[in-house]
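The sequence and structure come first, and the description follows.

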Amino acid sequence: MLRRSSSARSRVVIVAALALIAALVLVPDTRTAAGPSAGQPGGTLVVGYSRRIDSLDPNVWTSRYDRFWMTQFYDPLIWQTAPGEYRAGLARAWRPNENLTRFRLTLRDDIRLHDGTPFDAELLVWTVKRILDKATGSYKTGLFNDMVRNQAVEKYVWEIEFSKPQYRFMETLSTLDLSPNSPKAIDKHGKNYPRWVVSTGPYMIDSWPDENTLVLKRNPNWKRSPWMDASWGPFLDQVTIRIIPERSTRLVALERGEVQMIFEPPFQNVPKLKTGGQFQVQQHFTAGLPQGLNINVSKPPTNDLALRRAMFFAVNRDEINRLAFFGMHRAAYSVLASASWAYWPGAKAMYPFDPQKARKTLEEAGWVRNPQTRFYEKGGQKSLVRIVTTPGREYEIPAQRLREAGIEAKYEAMAYEATETRYDANTYEVARLGLSGFDPAFAMRGAFHSSNVNRGNRFNRTKIIDPKIDGMLERAEAMFDINQRKAIYEEFQKYVMEQALYLPLWEDSYVWIVTSRFRGFEFDILGDPMLHKAWLQR
């Protein structure tokens with residue numbers, strides 16, 4: 001059963017350690033399902049969604065909010081059904097070598113993509129090559145920095161080898177990063193393919209009636225894994241995703257029965273929605289890198305440590321959660337969220353909200369307040385920081401607090417794709433980020449390893465190139481013992497927070513409201529909604 005909420009950290013640590021030991025031998029998943037408990041087939045689910053869908057291709061794109069829908073079109077090579085518990089997906093067996101540099105997957109031989117393309121080892125080889133091809137523009141190239149071999153050993157046996165141990169690769173195999181796409185469909189749709197993806201999942205794209213409406217239809221040929229019972233469906237004939245940007249408008253559509261499911265409701269209305277029995281509230285707190293601000297160390301003034309630390313003291317995280325989210329999320333204090341098994345609680349005491357200490361930190365480092373502008377300067381250098389991010393009060397609030405502390409914060413809000421252009425051009429001092437993931441390796445490497453500054457997934461928007469950081473991350477990824485890894489990640493969090501590289505703001509959660517007749521709602525381990533079991537009671 002896929003989890004419905006975050007697990008306790010102690011349980012995660014134990015299970016992950018046992019899973020690592022189990023992963024060192026050949027694991028053919030021959031478990032079969034128990035008795036079925038199926039939902040009612042048929043019907044159309046209409047979803048009120050909050051965000052524009054930019055790309056549905058998991059080999060290329062990284063947005064977690066687009067990934068919600070990728071989950072309906074794609075299957076993972078290996079399912080991670082609980083922290084550290086792996087089960088058969090498109091692969092029926094997997095065998096890492098003892099030092100985790102080589103991974104061999106035995107694939108199922110009965111899988112075809114939505115357009116009839118057969119799934120085999122050659123398609124996986126092609127998938128990796130496509131990710132690495134510069135023309136693809138993938139943000140996933142960093143997964144293969146140390147790859148030395150990508151080979152179809154037999155028709156249904158694929159092997160990949162690295163020059164260094166790859167602890168994180170088991171998690172990669174359990175995400176959609178390597179899920180297959182159709183070469184024929186890519187050739188057919190060209191640059192429009194990310195909106196017309198073709199893979200193996202329980203639903204497939206039917207149409208885009210307009211820019212704000214995506215229609216999915218049931219895949220009648222979906223192949224469940226042997227361990228899945230009949231409750232896995234799929235049951236719905238059709239899913240219609242309507243992009244409705246305004247929270248209040250989404251709620252009205254739900255209350256009128258025009259949609260049966262909405263994402264990101266008006267948080268102030270959630271307490272009322274929990275009562276009365278008409279609706280259900282589904283919430284998932286994510287592990288990984290909490291939502292926050294990358295502080296660019298490659299240019300002034302944010303290459304100044306004192307200024308960065310002053311920024312940390314100037315921002316009130318509890319205020320952001322209270323005013324922007326009506327208390328629905330959690331204030332964040334470290335570069336790992338508290339749902340992560342390697343979270344270091346000592347980070348909470350490092351930078352309490354203290355505007356006076358922010359000013360004192362600047363002045364002790366030689367920053368002087370300009371009497372005309374009331375902003376700090378140092379040796380002719382202004383304290384101007386451009387905060388380049390998507391629109392939201394959650395970013396306006398810290399920008400205002402920075403200005404009150406004497407730091408000239410300029411809040412520049414724009415669409416997500418426009419922020420990506422600014423980040424790639426390095427025309428910012430502060431960027432936004434948040435990365436979900438059960439294992440810390442993905443989020444921490446993505447956000448802080450030097451290999452991801454101008455290549456790889458390019459999530460190192462802090463632009464930090466620090467051998468100490470790289471060394472800690474690489475050691476943690478190469479270790480088998482979970483307690484040793486946890487100790488390194490705690491050391492890592494202390495160092496990154498001391499250097500004030502990333503200002504954590506809030507720990508994200510996904511909040512959905514569904515009607516009481518909507519059944520079978522579940523989250524996967526990353527918090528993505530799954531419609532595999534969804535059905536509508538009639």
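Ile-387 has Tyr-411 of strand 20 as its bridge partner. Strand 19 (residues 385-389) and strand 20 are parallel and are joined by 5 bridges; two strands count as paired if DSSP finds at least two bridges between them. Helices (H or I, at least four residues) and strands (E, at least two) are DSSP runs, numbered from the N terminus. The model is predicted: local features need pLDDT of at least 70 and side-chain atom pairs count only at pLDDT 80 or more, while totals for chains, interfaces and linings use all residues. Residues are numbered from 1 along each chain as its sequence is written, and side-chain values use heavy atoms, with hydrogens and water left out.

Axes are lines fitted to C-alpha atoms, for helices over the stretch in contact, and angles run from 0 to 180 degrees between N-to-C directions. Contact means heavy atoms within 4.5 Å.

Helix 11 also packs with helix 9 (residues 317-325), at an angle of about 140° and with the axes 9 Å apart. That makes helix 9 oblique to helix 11; angles under 35 degrees count as roughly parallel, over 145 as roughly antiparallel, 65 to 115 as roughly perpendicular and the rest as oblique. The crossing of helix 9 and helix 11 is right-handed; a crossing is left-handed if the near helix is turned anticlockwise from the far one by less than a right angle, and right-handed if clockwise. Glu-319, Ile-320, Leu-323, Ala-324 and Phe-325 of helix 9 meet Arg-393, Glu-394, Ile-397, Pro-398 and Arg-401 of helix 11. This contact of helix 9 with helix 11 has 6 nonpolar, no polar and 4 charged residues. Ala, Val, Leu, Ile, Met, Phe, Trp, Tyr, Cys and Pro count as nonpolar, Asp, Glu, Lys and Arg as charged, and the others, Gly among them, as polar.

Helix 13 (residues 440-448) packs with helix 14 at about 160°, the axes being 11 Å apart. Helix 13 and helix 14 are therefore roughly antiparallel, and their crossing is left-handed. Ala-441, Met-444, Arg-445 and Phe-448 of helix 13 make the contact with Ile-469, Asp-470, Leu-473, Glu-474 and Glu-477 of helix 14. By class, the residues are 5 nonpolar, no polar and 4 charged.

Helix 14 (residues 467-478) packs with helix 15 (residues 482-498) at about 160° too, with axes 9 Å apart. Helix 14 and helix 15 are therefore roughly antiparallel to each other. Their crossing is left-handed. Residues in the contact include Ile-469, Met-472 and Leu-473 of helix 14 and Ile-488, Tyr-489 and Phe-492 of helix 15. The contact of helix 14 with helix 15 has 9 nonpolar, no polar and 5 charged residues.

Strand 13 pairs with strand 23 (residues 509-515) in the antiparallel sense over 7 bridges, and Val-281 stands opposite Ile-513 of strand 23.

## A hairpin and a salt bridge

Strand 5 (residues 91-96) and strand 6 (residues 102-107) run antiparallel and are joined by 5 bridges. Ala-91 stands opposite Leu-107 of strand 6. The two strands form a hairpin with 5 residues between them, and Leu-100 in the turn has a positive phi of about 60°.

The structure holds 30 salt bridges, each a side-chain nitrogen of Lys or Arg within 4 Å of a carboxyl oxygen of Asp or Glu. One of them joins Arg-51 to Glu-264, with the closest N and O atoms 2.8 Å apart. Arg-51 lies in the loop between strand 2 and helix 2, and Glu-264 in the loop between strand 12 and helix 7 (270-273), so the pair ties together parts 213 residues apart in sequence.
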